[in-house]
Structure formats: structure tokens, C-alpha cells
Amino acid sequence: MIITCPYCGPRDSSEFVYQGEDGRTRPDPASTDQAAWNAYVYDRVNTAGEHEEIWQHSGGCRAHLRLVRNTLTHKISSVSMARHATVPRRRRKAETPA
Ligand SMILES: [Zn+2]
């Protein structure tokens with residue numbers, strides 16, 4: 001898989017480290033809601049299709065990147081700096097108001 005770093009250009013994915021899915025919301029640090037913390041630490045979406053992820057270019061500029069990658073085809077449709085995300089985050093079912 002080739003990932004195009006905004007600073008370094010196209011690079012093999014072996015130069016990058018997966019940091020996890022993007023868009024997770026950390027509970028309030030003062031919260032003692034064990035279910036909320038358990039969900040934050042252990043629950044993952046495991047999407048079959050487009051998935052928003054954070055990767056670090058650890059073998060290059062060390063920047064954190066936000067990718068939109070199809071988990072079935074590994075096609076990357078978007079790469080941006082994690083701190084300058086340009087793709088709007090999608091709401092997850094758990095975050096959708098009832
Ligand atoms: Zn880079």
C-alpha cells in the first residue's frame with residue numbers, strides 16, 4: 001500500500017505506523033462512568049468500507065496524518081494532516097442523537 005504524505009510524497013506503508021481510528025471521543029477525565037471508559041478503550045467500529053484513520057509517518061517526517069481508507073480494497077481516498085483535517089467527520093451510530 002502506498003500512502004502519500006503531504007510533506008514527503010508517495011511512500012510505502014512500511015514507513016508508517018497505524019495509530020487508530022479517527023473521530024473517537026474521549027470521556028471527560030473526571031468521569032467515573034466505567035461503561036463509557038470501557039467503550040473508549042476497547043470498542044472499535046471495524047468498518048467494512050471507508051474508514052477514517054490516523055497514521056504516523058514514523059519512518060519519515062513523523063507527521064500524524066488523517067486517512068480515509070477503504071478497508072476492503074486498501075484504496076486511500078483522502079490524506080490530510082491530522083491537525084488540519086479537511087474531510088468532515090462522519091457521525092457514528094453511537095453518536096447520533098436518538
Ligand atoms: Zn512524511
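Two residues count as being in contact here if their C-beta atoms, placed from the backbone, lie within 7 Å. Keep that in mind for A36, which touches P27 and S31 once residues up to four places away in sequence are left out. A36 is found in helix α1. The C-alpha atoms of A36 and R26 are separated by 8.7 Å, and these two residues are 10 apart along the chain.

A quick word on what you're looking at. This is a predicted model, in which local features need pLDDT of at least 70, side-chain atom pairs count only at pLDDT 80 or more, and totals for chains, interfaces and linings use all residues. Residues are numbered from 1 along each chain as its sequence is written.

Now for the overall layout. The protein has 1 helix and 6 strands, and from the N terminus on they run β-β-β-α-β-β-β. Those elements are DSSP runs, numbered from the N terminus: helices are H or I with at least four residues, strands are E with at least two. Of the contacts with a separation of 6 or more, 48% are between residues 24 or more positions apart.

How much of the protein is buried? Buried residues make up 6% of the 98 residues. To be buried, a residue needs 20 or more other C-beta atoms within 10 Å of its own; with 12 or fewer it is exposed, and in between it is partly exposed (C-beta atoms again being placed from the backbone). By that count A36 is partly exposed, with 14 other C-beta atoms within 10 Å.

On to the sheet. Strands of a sheet pair through backbone hydrogen bonds, either parallel or antiparallel. In this model, two strands pair if DSSP finds at least two bridges between them. Here 4 strands form an open sheet in the order β3-β4-β5-β6, with antiparallel pairing. β3 (17-21) and β6 stand at the edges with a single partner strand each, so one side of each is left without a neighbour in the sheet. On average, neighbouring strands of this sheet are turned by 30 degrees against each other, direction ignored. That angle comes from axes, which are lines fitted to C-alpha atoms (for helices over the stretch in contact); angles in general run from 0 to 180 degrees between N-to-C directions.

Strands β3 and β4 run antiparallel and are joined by 4 bridges, and G20 has I54 in β4 as its bridge partner. Next, β4 and β5 are joined by 7 bridges, also antiparallel; here H51 stands opposite R69 in β5. Finally, β5 (residues 64-70) pairs with β6 (residues 76-81) in the antiparallel sense over 5 bridges, and L67 stands opposite V79 in β6.

What lies between β5 and β6? The two strands form a hairpin with 5 residues between them, and H74 sits in the turn. Phi of H74 is near 65 degrees, a positive value in a residue other than glycine. H74 is exposed, with 10 other C-beta atoms within 10 Å.

Another positive phi turns up at N46, at about 55 degrees, although N46 is not a glycine. Look for N46 in the loop between α1 (34-42) and β4 (50-56). Is N46 buried or exposed? N46 is exposed, with 8 other C-beta atoms within 10 Å.
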